[in-house]
Amino acid sequence: MRVEWQAAEGELPTELVKLRNEHQITRADLVTRLADSLGVSAAREKVAFYYHRLERGLLPADGVSLSVWEALAQLLDTSADALRRAGATMRPPPTQGAASAYARTAAPPPPEFAITQTSEESTVSDTERTEEPDEVDRLFTGG
(Lines give C-alpha, C1' and ligand atoms only; values in the text may rest on other atoms or scores of the structure.)
Protein backbone atom coordinates (compact mmCIF):
# COMPACT_ATOMS: atom_id res chain seq x y z
CA MET A 1 0.00 0.00 0.00
CA ARG A 2 1.40 3.39 -1.00
CA VAL A 3 0.93 6.23 1.47
CA GLU A 4 1.30 9.80 0.25
CA TRP A 5 1.61 12.98 2.20
CA GLN A 6 -1.59 14.99 2.09
CA ALA A 7 -1.90 18.72 2.58
CA ALA A 8 -4.29 20.06 5.18
CA GLU A 9 -7.32 22.11 4.16
CA GLY A 10 -6.24 25.65 3.35
CA GLU A 11 -2.71 24.66 2.41
CA LEU A 12 -1.38 25.44 -1.03
CA PRO A 13 -1.60 21.98 -2.64
CA THR A 14 -5.23 21.62 -1.59
CA GLU A 15 -6.08 25.14 -2.70
CA LEU A 16 -4.41 24.79 -6.10
CA VAL A 17 -6.25 21.58 -6.89
CA LYS A 18 -9.55 22.96 -5.57
CA LEU A 19 -9.25 26.14 -7.66
CA ARG A 20 -8.17 24.23 -10.75
CA ASN A 21 -11.12 21.86 -10.40
CA GLU A 22 -13.58 24.71 -9.77
CA HIS A 23 -12.46 26.31 -13.03
CA GLN A 24 -12.47 22.95 -14.82
CA ILE A 25 -8.87 23.37 -15.96
CA THR A 26 -6.71 20.31 -16.45
CA ARG A 27 -3.22 20.42 -15.03
CA ALA A 28 -1.77 20.21 -18.55
CA ASP A 29 -3.86 23.17 -19.70
CA LEU A 30 -2.95 25.21 -16.63
CA VAL A 31 0.74 24.48 -17.15
CA THR A 32 0.53 25.58 -20.79
CA ARG A 33 -1.25 28.80 -19.83
CA LEU A 34 1.18 29.40 -16.96
CA ALA A 35 4.23 28.94 -19.20
CA ASP A 36 2.70 31.33 -21.74
CA SER A 37 1.88 33.89 -19.03
CA LEU A 38 5.43 33.75 -17.71
CA GLY A 39 6.91 34.13 -21.19
CA VAL A 40 8.63 30.74 -21.08
CA SER A 41 6.45 28.75 -23.49
CA ALA A 42 9.45 26.90 -24.86
CA ALA A 43 10.15 25.51 -21.37
CA ARG A 44 6.66 24.10 -20.81
CA GLU A 45 8.01 20.74 -19.59
CA LYS A 46 10.14 22.42 -16.95
CA VAL A 47 7.19 24.55 -15.83
CA ALA A 48 5.16 21.33 -15.62
CA PHE A 49 7.85 19.78 -13.41
CA TYR A 50 7.83 22.71 -10.99
CA TYR A 51 4.06 23.13 -11.00
CA HIS A 52 3.61 19.44 -10.23
CA ARG A 53 5.95 19.78 -7.26
CA LEU A 54 4.11 22.91 -6.12
CA GLU A 55 0.71 21.21 -6.37
CA ARG A 56 2.00 18.16 -4.46
CA GLY A 57 3.56 20.24 -1.68
CA LEU A 58 7.09 19.25 -2.62
CA LEU A 59 8.34 22.71 -3.64
CA PRO A 60 8.99 25.32 -0.95
CA ALA A 61 6.49 28.09 -1.62
CA ASP A 62 8.80 30.78 -0.26
CA GLY A 63 11.13 30.36 -3.25
CA VAL A 64 8.38 30.93 -5.81
CA SER A 65 8.57 34.38 -7.40
CA LEU A 66 5.83 36.96 -7.24
CA SER A 67 5.35 36.74 -11.01
CA VAL A 68 4.45 33.03 -10.71
CA TRP A 69 1.95 33.77 -7.92
CA GLU A 70 0.42 36.59 -9.97
CA ALA A 71 0.14 34.45 -13.11
CA LEU A 72 -1.44 31.59 -11.16
CA ALA A 73 -3.81 34.01 -9.43
CA GLN A 74 -4.97 35.41 -12.76
CA LEU A 75 -5.45 31.94 -14.24
CA LEU A 76 -7.32 30.66 -11.18
CA ASP A 77 -9.31 33.84 -10.45
CA THR A 78 -7.87 34.45 -7.00
CA SER A 79 -5.23 36.73 -5.52
CA ALA A 80 -1.49 36.24 -5.42
CA ASP A 81 -1.59 37.08 -1.70
CA ALA A 82 -4.11 34.30 -1.03
CA LEU A 83 -1.89 31.78 -2.80
CA ARG A 84 1.22 32.98 -0.97
CA ARG A 85 -0.59 32.80 2.39
CA ALA A 86 -1.68 29.23 1.57
CA GLY A 87 1.93 28.43 0.71
CA ALA A 88 3.14 29.88 3.99
CA THR A 89 0.92 27.49 5.98
CA MET A 90 2.33 24.37 4.34
CA ARG A 91 4.02 21.76 6.44
CA PRO A 92 7.07 20.26 4.80
CA PRO A 93 6.75 16.68 3.56
CA PRO A 94 8.26 13.97 5.74
CA THR A 95 12.04 14.06 5.83
CA GLN A 96 14.11 11.54 3.95
CA GLY A 97 15.17 10.09 7.29
CA ALA A 98 11.58 9.35 8.25
CA ALA A 99 10.91 7.72 4.91
CA SER A 100 14.05 5.65 5.05
CA ALA A 101 13.34 4.35 8.55
CA TYR A 102 11.51 1.46 6.95
CA ALA A 103 13.89 0.94 4.07
CA ARG A 104 15.91 -2.23 3.87
CA THR A 105 19.62 -1.98 3.50
CA ALA A 106 21.85 -4.33 1.64
CA ALA A 107 25.47 -5.18 2.12
CA PRO A 108 27.82 -3.45 -0.32
CA PRO A 109 28.80 -5.49 -3.37
CA PRO A 110 32.10 -7.35 -3.40
CA PRO A 111 34.97 -5.22 -4.79
CA GLU A 112 34.97 -7.04 -8.12
CA PHE A 113 31.35 -5.92 -8.70
CA ALA A 114 31.67 -2.38 -7.37
CA ILE A 115 30.96 0.47 -9.76
CA THR A 116 34.07 2.47 -10.53
CA GLN A 117 34.58 5.73 -12.36
CA THR A 118 36.29 5.72 -15.70
CA SER A 119 39.22 8.07 -16.19
CA GLU A 120 37.00 10.16 -18.49
CA GLU A 121 34.31 10.53 -15.82
CA SER A 122 36.79 11.46 -13.12
CA THR A 123 38.10 14.41 -15.16
CA VAL A 124 34.65 16.04 -15.31
CA SER A 125 33.99 18.04 -12.17
CA ASP A 126 30.61 18.04 -10.45
CA THR A 127 30.10 21.71 -11.33
CA GLU A 128 30.50 20.90 -15.00
CA ARG A 129 27.81 18.21 -14.72
CA THR A 130 25.17 20.54 -13.33
CA GLU A 131 23.68 23.19 -15.51
CA GLU A 132 23.29 26.78 -14.45
CA PRO A 133 19.83 27.79 -13.23
CA ASP A 134 17.74 29.25 -16.03
CA GLU A 135 14.79 31.64 -15.96
CA VAL A 136 12.30 28.88 -15.04
CA ASP A 137 14.50 27.72 -12.16
CA ARG A 138 14.71 31.28 -10.86
CA LEU A 139 10.94 31.74 -11.17
CA PHE A 140 10.16 28.67 -9.08
CA THR A 141 13.12 28.44 -6.70
CA GLY A 142 14.42 31.97 -6.36
CA GLY A 143 17.70 31.17 -8.07
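Phe49, Tyr50 and Phe140 form one aromatic cluster in this predicted model, in which local features need pLDDT of at least 70 and side-chain atom pairs count only at pLDDT 80 or more, while totals for chains, interfaces and linings use all residues. Residues are numbered from 1 along each chain as its sequence is written, and side-chain values use heavy atoms, with hydrogens and water left out.

The structure holds 2 aromatic pairs (rings of Phe, Tyr and Trp, the last by its six-membered ring, with centres within 6.5 Å; planes under 30 degrees apart are stacked, over 60 edge-to-face and the rest tilted). Phe49 and Tyr50 pair edge-to-face, at 5.2 Å centre to centre and 65° between the planes. Phe49 is partly exposed at a relative accessible area of 47%, whereas Tyr50, at 9%, is buried (buried means under 20%, exposed over 50% and partly exposed in between, for a 1.4 Å probe and protein chains only). Tyr50 and Phe140 are stacked, with 5.2 Å centre to centre and 5° between the planes; this pair joins helix 3 (residues 44-56) to helix 9 (residues 135-141) across 90 residues. Phe140 is buried, with a relative accessible area of 0%.

Elsewhere, the axes of helix 1 (residues 12-22) and helix 5 (residues 80-88) come within 7 Å and cross at roughly 140°, the axes being lines fitted to C-alpha atoms over the stretch in contact, with angles running from 0 to 180 degrees between N-to-C directions; helices are DSSP runs of H or I with at least four residues, numbered from the N terminus. Contact (heavy atoms within 4.5 Å) involves Leu12, Glu15, Leu16 and Leu19 of helix 1 and Leu83, Ala86 and Gly87 of helix 5.

Technical notes. Helix = DSSP H or I, 4+ residues; strand = E, 2+ residues; numbered from the N terminus.
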